[in-house]
Every structure is written in C-alpha cells, then in structure tokens.
Amino acid sequence: MKGCVGVKSSWKINVLALGCALAVAGPAAAADTLLAKTALWLEQGSATAELWGDRLPNGYSGDLLVLLKDEKGKLMTAFAPSIKGGYHPLLAAVQVKPIAKEQARSAGNETTAAAQSAAGNAGAAQQGPSATKAAAQQLLVSVGQGDWQAPREFRVLDFADVQKVMELFSSGDSMGLVSKAYINEEKLYVTLKDGQQNSTALPKGVDGSKLYYGGLHSLTAFDVDGDGQEELLGAQQLVGGRLNVADVGAVWQLDSNGQWKLTNMTIMTATPTPKSNTVNDGKEVATGVILPCKMVVPGGEATYPVFVSDDVELQNKINKLLAAECSEYLGRFYKGRADMAFKVIAASEKLVSLQLISGKTKFVHHHINFDPQTGELMKLEQVLNYKDPDLMPLLRLLCNNKAMMLEYQPPAEWYLEGNNLFLMQNICGQDEVAGFALGNLHKFILDKRWLEKNLTDQSADFEIRRKRK
C-alpha cells in the first residue's frame with residue numbers, strides 16, 4: 001500500500017516537508033496528460049479524481065498519478081497507484097466498503113443503480129448522492145495492458161484518510177482467479193487461487209496449445225444484494241492460441257476486516273466462432289476505441305461496451321450515453337433474467353452504430369447510433385427527410401418484410417451497415433427487420449456524404465492512420 005510517500009516526483013506536485021501538504025507546480029509539460037477523470041462523493045463532500053500520466057505516441061501512458069480535488073478545485077491529495085502504466089485508462093466511482101444500514105437507507109438507489117454502475121465502470125463522471133449521510137465512495141482505476149483483447153490492471157483507492165490513501169484492491173487481486181490451467185484430451189483443467197480444482201469438457205476445435213491467463217479483463221461494480229455496498233464482478237479469460245477458450249468469473253465483496261471474500265466462482269467455456277463473428281469484439285473508431293467489459297456468474301454472462309478516448313470530456317459524455325442505453329439490458333442480467341452482448345455494426349467519422357443483444361433462448365435487440373465527434377445520440381430524422389410526404393410510401397413499397405408496420409414515420413430502431421439502411425420493429429415480442437439500399441433513398445438523404453462508398457465502415461483506415469502516427 002502506498003501513501004503520500006509513494007508519490008512520484010514530477011511537475012504535477014511538490015511534496016512538502018510537513019506531512020502530505022501538496023502544491024501544484026508550474027505549467028504542464030507536453031508529455032504530462034490528463035488521462036481520465038470522474039466525480040466522487042467523500043465524507044468531506046463532492047470531489048473530483050483525475051488520472052495524469054506521460055502518454056507516449058503509441059498510446060502507452062506511464063508515471064501514473066491520481067490527483068484528488070475538492071469542489072473548488074483545490075488539491076486535497078495525490079497518489080501514485082501501483083500500476084506501471086498501460087493503455088486506455090478509466091476511472092469509476094464505486095462504493096465497495098461495508099456501510100451502516102442507515103447510510104444504505106440514506107443513499108437509497110442513487111449510488112447502486114445498474115446504469116450508474118455501468119457508467120462508473122466506463123469512466124463516466126458520476127454525481128454523488130445529495131444526502132449528507134450517504135457513505136463515501138472509492139475510486140476504481142482501470143488500465144489496459146495491450147489492445148482490447150489484453151488483460152487490464154485494476155486498483156480500488158480509498159480516500160477515507162487523504163494523508164494515507166489505501167489500495168483496497170491490489171495488484172495481487174488484479175492477477176485474477178486462476179493459478180493453473182491446461183487442456184488435455186479435449187478437457188479443460190483449472191485450479192483456482194483458493195485451491196479449488198475444476199474440469200470440464202471443451203467443444204471440438206478448441207486449440208490445445210498452452211493456455212494464457214494474464215489477469216483480469218473486466219471488473220464491474222454493482223450492489224448485488226441491495227445492502228448499499230457494491231460488489232465487484234470480475235472476469236478473466238483463458239486464451240489458447242488466438243481463441244478465447246473459457247471465461248472465469250467471480251464476485252468480490254469486501255468484509256469489515258478489509259479482506260476480499262470470493263463467491264459465485266464460475267467457469268464458462270466458449271464455443272469456437274468464425275472470424276466473421278464480431279459479437280463482443282472491441283473496435284477502433286474515429287475518436288477512440290470501443291472496449292468490451294464482461295461479467296460471468298452462475299448461469300449467465302453479460303458483455304457491455306465502454307468508450308475510451310484521448311478526449312476525456314468526450315469519453316465521459318459517450319460513456320454516460322452508453323450507460324443509459326445499456327441500463328435496461330444490464331438490469332435484466334443482474335436479475336438473472338437474460339444474458340447480454342453487443343456488436344459494433346458501423347464505425348465511421350460520422351457515425352458509430354452499436355447493437356445491444358439481450359436474452360437467453362430468444363433475443364431482442366436495441367441500436368445505439370451516435371456521432372463519435374460530439375458524443376450526441378443520432379436519430380434517423382438527422383439522416384432522412386421526414387418532412388417529405390413521399391418518404392413513407394416509398395419505404396412501404398420497398399419493404400420486403402410484410403410483418404412490419406410502416407405507417408406515419410420510420411421506426412425508432414435503425415442502423416446503417418455497408419451501404420444499406422436497416423429498420424427494425426419489435427412486433428409481438430419478435431424483432432422484425434427490413435433493409436433498404438441507401439441509393440434508393442437518395443432523394444430523402446439530408447447529407448449526401450451518407451451515399452459515399454463504405455462510409456459506415458472505415459475502421460481499417462483508422463488503424464492504418466494510427467500506426468502511421
């Protein structure tokens with residue numbers, strides 16, 4: 001655990017001789033960058049946590065430092081987490097310490113709603129509860145150790161004593177749940193860190209080479225039992241060759257002695273899928289990267305998207321949007337009613353289109369379309385001219401799905417894929433979809449750039465430009 005003595009020497013702070021009094025030094029050097037920030041609720045009131053670091057041209061950030069500021073922007077303390085560095089850093093406000101019952105009643109659902117948990121894990125700025133008796137929050141720091149497929153480093157920082165900041169969730173916890181894993185004769189053998197041994201049959205076609213399990217991939221805070229204290233739902237991947245062989249999940253709960261208790265340990269094998277199947281894959285988009293966050297519990301799993309960007313304000317804005325859009329599906333997962341997945345359908349400089357998937361044996365879908373430059377939700381009336389009286393008659397004429405009801409205006413569910421517009425309606429519990437070539441709708445398209453070839457799938461160009469930098 002590192003307190004004030006663990007603070008690194010840099011332009012950001014000067015550690016004075018008396019205690020942990022801190023003062024901000026001069027202007028920032030070019031390499032010192034604000035990487036992420038989020039709001040926190042502390043016993044002293046509202047605060048803001050900022051993560052700073054030295055970001056290299058390839059996106060790697062080192063010399064990480066957390067600055068905690070009060071509501072007036074005055075520096076309260078600084079802390080260097082025990083993470084050497086990494087990619088795509090995120091901050092989240094969590095509440096993992098045991099709290100008194102009266103505090104839980106005071107906080108109510110304000111700090112434990114599914115949408116806020118997802119938003120916080122994505123690094124969105126959360127607003128602390130207004131009740132003065134609400135329990136103080138902690139800070140979840142998340143830093144990737146490679147691209148979206150690589151493990152991440154997680155720490156939970158406690159600012160109860162700003163002169164002695166504590167790491168409640170340490171580097172050892174972040175290493176995950178598995179101490180040994182191997183494949184023999186189409187069976188997976190796993191030994192967990194608590195000594196528990198498990199074996200399970202694997203689907204045919206799974207790579208039998210040495211398994212890699214470098215640490216946790218995801219860690220999501222959510223109040224599972226409704227007592228006001230959030231648990232941490234973590235997932236670790238077992239990878240053979242280039243394929244995900246299995247996911248190992250658990251629920252962490254911090255007890256009154258400051259020890260993590262593990263429950264709901266789960267091993268869920270993965271069926272091999274073709275490369276064309278991009279469900280739950282991360283993807284680079286025009287202004288950042290879509291990352292997958294996974295939770296695995298007995299009988300269920302959920303993977304939801306978060307957004308990371310060099311633009312911290314844009315990152316928080318888009319993650320707040322994603323959290324709101326995902327909240328219903330995540331709520332179903334937390335109640336054990338449905339699994340959740342997502343897919344990046346389109347990625348251009350003008351549009352990112354995500355498909356959310358929810359269900360067990362029968363699935364429903366929801367589409368999130370947003371402008372990656374502004375973080376604003378995009379509606380179809382921004383693409384098509386709804387005021388033209390010829391629009392609906394033409395859509396009815398071209399529609400090849402007779403189950404759909406296209407009367408006064410297009411349905412709210414839509415997405416662009418390739419050079420086609422897809423409209424979707426849920427009718428009697430069944431998703432009905434119809435596709436329309438954009439060229440056939442050219443008269444009604446407000447911005448003719450939507451007609452440019454492959455405008456909705458430029459991710460390969462983003463990757464080329466990134467590597468050239």
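**View 1. Start of helix α4, with aspartate 311 and glutamate 313 in a predicted model.** At the start of α4, a side-chain oxygen of aspartate 311 comes to within 3.2 Å of the backbone nitrogen of glutamate 313. The model shown here and in the other views is predicted. Helix α4 itself covers residues 312–334.

**View 2. The bend in helix α4 at serine 327.** Just after α4, glycine 336 has a positive phi of about 75°.

**View 3. Glutamine 138 in strand β8.** Strand β8 spans residues 138–144, and glutamine 138 lies in it. With a relative accessible area of 2%, glutamine 138 counts as buried, because buried means under 20%. The side chain of glutamine 138 reaches the backbone nitrogen of valine 96 at 2.8 Å.

**View 4. Contacts around glutamine 138.** Neighbours within four places in sequence are left aside here. Glutamine 138 is in contact with Ala92, Ala93, Val94, Gln95, Val96 and Lys97, among others. Its contacts also include Leu40, Val156, Leu157, Asp158 and Leu168.

**View 5. The whole protein chain, for orientation.** The protein chain has six helices and 27 strands. Of its 469 residues, 52% are buried. Among contacts with a separation of 6 or more, 56% join residues 24 or more positions apart. The chain exposes about 21,700 Å², and carbon and sulfur atoms supply 50% of that area.

Definitions and conventions
Residues numbered from 1 in each chain as written. Predicted model: local features only at pLDDT ≥ 70, side-chain atom pairs only at ≥ 80, totals over all residues. Heavy atoms only, no water. Helix = DSSP H or I, 4+ residues; strand = E, 2+ residues; numbered from the N terminus. Buried < 20%, exposed > 50% of the residue type's maximum accessible area, 1.4 Å probe, protein only. Contact = heavy atoms within 4.5 Å. Areas by Shrake-Rupley, 256 points an atom, 1.4 Å probe, with all protein chains shown as cover. Expected span 1.5 Å × (residues − 1). Bend = angle between axes of the 7 residues up to and from the residue. Polar contact = N/O pair within 3.5 Å; in protein donor to acceptor, adjacent residues only side chain to side chain.
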